Amino acid sequence: MPSSRDGGVISATFQGLRRMQMNDLVRAAQRGDTAAFEQLYRDNIGRVYALCLRMTADPGRAEELSQDAFLRAWSKLSSYRGDAAFSTWLHRLAVNVVLADRRSQGKRWAKLVMTDDMAPFGNGESSSAAEGSALEMDLEQAIASLPDGARTVFVLHAIEGYQHDEIAEMTGTAVGTSKAQLHRARRLLREVLER
Amino acid sequence: MNCSIREEHLDDYVDGMLTEPQRAETERHLESCETCRLTVEFLRGLQATADAMPREIKPSRDLWADLEARISPTRVMQVDFRGRGPLALLGVRSVRGQWVALAAAALVLVVASSGITAYFMGNPELDPGAGLPGLSGVGEPVASTMEEFRPAEIGYAKAIDDLLQTLDDRREALDPETLTVIEANLRVIDAAIRRARAAIEEYPGESELALVLADNYRKKLEFLQRANLLIERS
């Protein structure tokens, strides 16, 4: 229970909340302040949702997983020590939520590693829509059409900036697997974008 | 590819993962191999495009209300705070209406099992405003943007601050459970205020939204007055 006016929720007028820095918000949220946690949510939801959307290629599922990520963050706030930026901690947690969800659905990573299914790209089928310049195809859509494993590594490495050893740790695979998936993603994207 | 260089090697080259001798050898190869040059060109262009992609994407709806319900540790119930509110004047089918509905929906107050709940649900014996700083000088706003609402907001903020100061000065007199309920409800109302402000900024020109915001401020004032009266009578 906060004892001072400045530290308590009672004194947190909306102006005060807006001025709070991220660390202040985190500390308040760690004390159970849902208003502070809401501000953390609003500051970070765009990045978390973008990650979930790109990793799942499913807007509805991405919304559910984004909520799950914040729910997990709320329950684990006490374990956040401030060693990394809160947004970094939250982002990593969101990645784990998405990967755990995938595992729970039986789409195990190992099953995806050596798959070379080109079906999502509709290979061999003529398409008038694709008649125009393939280079104009939106990269976002091309990423969404990748197989799960290749898409995950491409998003984590090429967009989010994780290194292969970090991806390997998060996915429970070898560094070589991460590199192989990235290569596969790039090759598939080239086929789509240059079609 | 019609050369001996593996594509994975070009990945490593683009990613800067080759040793210096490997890199130099690859660059010599690129001078004479158009196929590999095109591959490298594509990979660099792909990464440049990926780098330029937005790092943030807004979901199609505000997820906070659902999330808040999932993290709330306290039982909640719907309270019609004196039956007021401009929501009744508005439809809720439009996007703007959804914003308004969201702002209004936030006013779900936390209650406790103890008798203190009655104090915050319209106890007729309580007379908000009597002998306390508060509503005086804060009139009905005529505004449709946050800029226009600002003078009224300053007035509300001043009155709220006075009441918060009074409450804070007396907080020692409150039992922990009551203080917890008060703080929880202030958070609920503050969240509603923030949502209403966001709605006005999202849809400037909608004067009804300013009424929603003003109503939320009044609810906060009224709640604080009740809390102070509770302390006075305890």
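The model is predicted: local features need pLDDT of at least 70, side-chain atom pairs count only at pLDDT 80 or more, and totals for chains, interfaces and linings use all residues. Residues are numbered from 1 along each chain as its sequence is written, chains are lettered from A and ligands numbered from 1 in the order in which they are written, and side-chain values use heavy atoms, with hydrogens and water left out.

The contact (heavy atoms within 4.5 Å) takes 53 residues from chain A and 52 residues from chain B. Between the two chains there are five salt bridges, a salt bridge being a side-chain nitrogen of Lys or Arg within 4 Å of a carboxyl oxygen of Asp or Glu. Asp12(B) and Lys179(A) form a salt bridge, with the closest N and O atoms 3.4 Å apart. Helices (DSSP runs of H or I, at least four residues, numbered from the N terminus) that give two or more residues to the side of chain B that touches chain A include H1 (7-14), H3 (34-52) and H7 (146-169) of chain B. H8(B) gives the most to this side, with 11 residues. By class, the side of chain B that touches chain A has 24 charged (Asp, Glu, Lys and Arg), 22 nonpolar (Ala, Val, Leu, Ile, Met, Phe, Trp, Tyr, Cys and Pro) and six polar residues (the others, Gly among them).

Over all chains, the structure holds 21 salt bridges. In one of chain A, the closest N and O atoms of Arg61(A) and Asp101(A) are 2.4 Å apart. Arg61(A) lies in helix H4 (residues 59-76) and Asp101(A) in helix H5 (residues 86-104) of chain A, so the pair ties together parts that are 40 residues apart in sequence. Asp101(A) is buried, at 13% relative accessibility, whereas Arg61(A) is partly exposed, at 23% (buried means under 20% relative accessible area, exposed over 50%, partly exposed in between; 1.4 Å probe, protein chains only).

In chain B, Arg23(B) forms a salt bridge with Glu20(B), the closest N and O atoms being 2.5 Å apart. These two residues are separated by about one helical turn, being three residues apart in helix H2 (residues 20-32) of chain B. Both Arg23(B), at 30%, and Glu20(B), at 49%, are partly exposed. Glu38(A), Arg42(A) and Asp62(B) are joined into one network by salt bridges that share partners.
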